[in-house]
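Okay, thanks for coming, everyone. Let me put the model up and we'll walk through a couple of spots.

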Amino acid sequence: MANSLLITGASQLLTLRGRGPRRHAALANLGIVKDGALLVLDGRLVAVGTRAKIEALPEAAAAEKLDLRGRVVLPGFVDSHTHLIHAASRAEEYELKIAGATYEEIARKGGGILNSVKKLRAATSEALKQRARRALTQFAAYGTTTIEAKSGYGLDVASELKILRLHKELAAEQPLDIVSTLLGAHVVPAQYRGSSSGVKRYLALLTEKLIPEVAEEKLAEFCDVFCDRGAFTREQAKQILQAARRHGLTPRVHAEQLTRTGAAQLGVQLGAASCDHLEQVNSSDIAALANSRTVATLLPGCDFHLGLKNYAPARKLIDAGAIVALATDYNPGTSPTLSMPMILSLACSQLRMTPAEAITAATINAAHALRRDDRIGSLGVGKFADLAVFEVADYREIPYYFGVNTCSMTIKRGVVVYDANKATI
Ligand code: NIG
Ligand code: FE
């Protein structure tokens, strides 16, 4: 029996309709339908338009009905950059940072990513899974319906594979989609540090063992490298990402976050799906991104959490024509948030993006960053019925409110997975 659902009562239905990733002024075009409605069949949209038009369809009569009573509806957020699996917070480092220690100083003393690696290796799979389950529940509660998830706190073959297998298990047991990325090149693990031959051995482990095994087991679609001072150089990143490509993994890069390394232009050259962070980009990096299909993913949660003020130049990137996306970068060291609405608030107040641009960056452009624009990120016929419903009268109120959750319902493939009035998930 086909499962059909008629959704009505969207005061503003943000369809994000249109072709291709959004650049320039197209970022501000939300394709709004007033008094909108949607017809869903087996988890996919079969009709999108005004209430009058959709209700008049013959298939609408027999469908189950959901009246949203004037709320704002948009595509579920696509959070295209998260470090989902980690064992614990790093609240102790947060205090050090507040007292004046920099992220890099803490990392040099064995804190930072290596601190999370120690904690992860000591944790059981069940404990990691339990923490991730709670996170996924929260992602859904803030309107996110698809996340990307990176490994990167294992940094040995067994632990990295363990993380990627957990992504798969979690994807099978709960409603949100999880898109997996190998980040074996997060930093050089402790036992390989201190000599160039040690670093070489770790690179060989990545390119000759981990990447081939991950590809063989189909545990990830993407391969990421943290290319920065204290992590991997541009040359090392190139070697890793070229190996990834040979094995069918699509590159993406943590680029130009703490220092400018040239990683963004490397990403463009290698056809990376996205270059993420970009706080330190120069004008030639901006031009390279603008002339490419590589998505420029901005992560303002990092500067907010670290108390920094060198946010990425979003306006320059948009004006140059880059495909700008936004993501939480949910991770214990630089951005412990799961809230895309909070990221939208930061994008507006700190990156000077408009509410419309921020919503586009968090939906359809982010879907492009995950190479899933055929299925998610906008509300058109044939796409997944992945929706976020907000208890507001105007979409601009989504970033306007901050530190409160105005998401009142999240729907994944036509199924209500979060309802603020019921808290079903
Ligand atoms: O995206 N920059 C590298 N990776 C993370 C931070 C990870 C950590 O500190 O645990 C980021 O900011
Ligand atoms: Fe990150």
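This is a predicted model: local features need pLDDT of at least 70, side-chain atom pairs count only at pLDDT 80 or more; totals for chains, interfaces and linings use all residues.

Residues are numbered from 1 along each chain as its sequence is written, chains are lettered from A and ligands numbered from 1 in the order written, and side-chain values use heavy atoms, with hydrogens and water left out.

Ala63 sits in the loop between α1 (51-55) and β4 (64-75); helices here are DSSP runs of H or I, at least four residues, and strands are E, at least two, numbered from the N terminus. Skipping neighbours within four places in sequence, Ala63 is in contact with Ser4, Leu5, Leu6 and Leu39, contact being heavy atoms within 4.5 Å.

Now over to α6, residues 157-173. Its buried residues include Leu161, Leu164 and His167, and among the elements covering the buried ones are β6 (144-150) and α7 (196-216).

Stay with α7. Val157, Glu160, Leu161 and Leu164 in α6 meet Leu205, Lys209, Leu210, Glu213 and Val214 in α7. That contact divides into six nonpolar, no polar and three charged residues (nonpolar is Ala, Val, Leu, Ile, Met, Phe, Trp, Tyr, Cys and Pro; charged is Asp, Glu, Lys and Arg; the others, Gly among them, are polar).

How values were computed:
Buried means under 20% relative accessible area, exposed over 50%, partly exposed in between (1.4 Å probe, protein chains only).
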